[in-house]
Amino acid sequence: MTALAERWWDTTNTFHLCFGEVTVTPLDFAAFIGLRVGGEPIPFDPSTDLDDTALRWFLGRVPRHSGGVAEYGQFTAYWDHEPADDAEAAQMARAYLLYLFGASLFPLRRSRVHLSYLAGLVDLRQAGRLDWGGVALCTLYCFLGAALWAYEVLGMFPPENTCTNPHLLPCALAWGKEYRRAKERRGQVMTFRRWLDNITGVTVHWDRWARLEADFLPRSREVIRSRVLLECPLGWQWYLGDRVTRQSLGSPELIVPGPLPPRVQRTETHTRAELEQFTVPDTDLESNHHHELGDLVVSALAQALDIFSNLSHFSVQISRVWVRV
């Protein structure tokens, strides 16, 4: 990953290789983790800390927290008993989701999680309609954790793997302990650098997900044909479909991208209200590539956790305890 990270440009969120630019697209990401990118924005403000009264409503108690983040390990004690009613069951579900967010989807250093995600869990019946996949992709852009993408799309020294099902979804399951027979190659940065210096577009798996179908893929296929502004508690990140046209549009040849629009370059200087106005189709993209490309504001995850869609009607097993939600 060190050799690959050296070719990452955080101004465009793309890898610059000898044949052009490539990136982890919303479709790549959806195929890996099973969450679509695209959906209703999560109504959270990362700059606002929740007060203790709000935390008690969301979780039933006030967790230890500082600066809007909390250690997610403490939430395991929140579902160690049977809920007294639906309200308490919802509080347990939110605690479990915060644990899931911190442990896998939105990891932070020192085993912590942002409490601002709770704003998307006010009504658990509607949580699955929000764009949780966008937040997860934005977090990946911030931390650049793209190892599985390098294996599947670039074919970059993948560890030995015994999974024989090329259609397994989410694709990340194919790289679990059950199938992986060897550890990742480490300590060979010069070897990886030489490999990246000589890679050609012929060897890249441009249509890796073309024959795969799942409920969470169609929306992501639409999003990759756009400029998309992603949001997570760490900040805003752009996905620029016009810079990776072989991935986003299926173009047979490299299209040299033009200069970055000024509003893309100045994202950090915009107010939140200005950023949320980036919902108008981008005419520059349409004229350059003759496709219906547009700007979408995508501010968090998606499709997430339909298990909570009917709060009063079914049960979920959490750490050997049945919690009616």
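Helices (H or I, at least four residues) and strands (E, at least two) are taken here as DSSP runs, numbered from the N terminus. The structure is a predicted model, in which local features need pLDDT of at least 70 and side-chain atom pairs count only at pLDDT 80 or more, whereas totals for chains, interfaces and linings use all residues. Residues are numbered from 1 along each chain as its sequence is written, and side-chain values use heavy atoms, with hydrogens and water left out.

On this basis the protein contains 12 helices and 10 strands. Of its 325 residues, 49% are buried, where buried means under 20% relative accessible area, exposed over 50% and partly exposed in between (1.4 Å probe, protein chains only). A contact is defined by heavy atoms within 4.5 Å. Among contacts between residues at least 6 apart in sequence, 69% join residues at least 24 apart.

R7 counts as buried because its relative accessibility is 14%. Leaving aside residues up to four places away in sequence, R7 touches T14, F15, H16, L17, R193, L196 and D197. Strand β2 comprises residues 14-17. An open sheet is formed by three strands in the order β1-β2-β3, with antiparallel pairing. Because β1 and β3 (20-22) stand at the edges with a single partner strand each, one side of each is left without a neighbour in the sheet. Two strands are considered paired if DSSP finds at least two bridges between them; β2 and β3 pair over three bridges, and F15 has V22 as its bridge partner in β3.

Nonpolar cores were defined as sets of buried Ala, Val, Leu, Ile, Met, Phe, Trp, Tyr and Cys residues joined through side-chain atoms within 4.5 Å. The largest such core has 77 residues, and those with the most contacts inside it are F75, L98, F101, W132 and W149. L98 touches L59, Y72, F75, V113, H114, L115, Y117 and L118, when residues up to four places away in sequence are not counted. A second, separate core of five residues includes L229, L240, L260 and V264.

L98 also takes part in a helix contact, in which R56, W57, F58 and L59 of α3 meet Q91, R94, A95 and L98 of α4. Helix α3 (residues 52-59) and helix α4 (residues 86-105) pack at an angle of about 100 degrees, with their axes 7 Å apart. Axes are lines fitted to C-alpha atoms, for helices over the stretch in contact, and angles run from 0 to 180 degrees between N-to-C directions. The two helices are therefore roughly perpendicular, a class that spans 65 to 115 degrees; angles under 35 degrees count as roughly parallel, over 145 as roughly antiparallel and the rest as oblique.

Strand β6 (residues 227-232) is mostly covered, with six of its six residues buried. R227, L229 and E231 point one way from β6, while V228, L230 and C232 point the other way. β6 pairs with strand β7 (residues 235-240) in the antiparallel sense over six bridges, and a hairpin joins the two strands through two residues. Within this pairing, E231 stands opposite W236.

S116 lies in the loop between β5 (112-114) and α5 (132-143). With a relative accessibility of 9%, S116 counts as buried. S116 and P233 are 117 residues apart in sequence and 7.4 Å apart in space, C-alpha to C-alpha.
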